[in-house]
Amino acid sequence: MTHVVRWLAGLAVGVSIMAVQARAQAPAPAFTPKDERVEDLPEGPGREETFGLCTACHGYRLVSNQGMARDKWDETMTWMTERHGMPDIQGADRDLILDYLATHHPPKAPARAGGFRNPFAPQ
Ligand code: HEC
């Protein structure tokens, strides 16, 4: 009897090894942040430079979720350099990137007068 139990245990180990191997061969998940393409960004001078620099470390969505004036983008670039070790880009290259960011990701429009209206509020 014990040899049957041992045989079954051996079979179970073999099957689970096969399962692990099958999993290792499964295709990679479909989405990675690398799916962002520079062509998806609004066209304009500085697009390639901005995309290339900012997506070296994180998705462009982290950038495009923000809307800021040029001086705030400037502060953000300084912050990326001081805190996260982004190369300290200066001069014409920095101007190009800041112009791109300020043009295509300006401050978001302020909430409409009255602000949020609760759809469940009594009419
Ligand atoms: C060297 C790496 C690196 C580079 C290059 C870089 N960042 Fe970042 N950035 C980070 C990290 C890391 C975070 C995560 C933020 C945190 O939690 O502090 C971040 C977060 C951000 C955020 C979100 C901040 C928030 O409030 O959540 C913005 C906006 C941003 N980066 C803008 C930029 C822009 C614009 C560029 C290109 C000019 C850029 N980053 C390039 C490392 C980098």
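## Around the ligand

H4 (70-84) supplies the largest share of the shell around the ligand, 4 residues. H2, H3 (60-64), H4 and H5 each give at least two residues to this shell. Here helices (H or I, at least four residues) and strands (E, at least two) are DSSP runs, numbered from the N terminus.

The ligand has 16 residues around it, and Cys54, Cys57, Met80, His84 and Met86 come nearest. A residue is near a molecule if its C-beta atom, placed from the backbone, lies within 6 Å of it. The shell divides into 11 nonpolar, 5 polar and no charged residues. Ala, Val, Leu, Ile, Met, Phe, Trp, Tyr, Cys and Pro count as nonpolar; Asp, Glu, Lys and Arg count as charged; the others, Gly among them, are polar.

## About the model

This is a predicted model, where local features need pLDDT of at least 70, side-chain atom pairs count only at pLDDT 80 or more, and totals for chains, interfaces and linings use all residues. Residues are numbered from 1 along each chain as its sequence is written.

## Two crossing helices

The axes of H2 (residues 47-54) and H5 (residues 91-104) come within 9 Å and cross at roughly 95°. Therefore H2 is roughly perpendicular to H5 (angles of 65 to 115 degrees). Axes are lines fitted to C-alpha atoms, for helices over the stretch in contact, and angles run from 0 to 180 degrees between N-to-C directions.

The residues of this contact divide into 5 nonpolar, 1 polar and 3 charged.

## The whole chain

The chain has 5 helices and 0 strands. Along the sequence, the pattern is α-α-α-α-α.

Conventions
Parallel < 35°, antiparallel > 145°, perpendicular 65-115°, else oblique.
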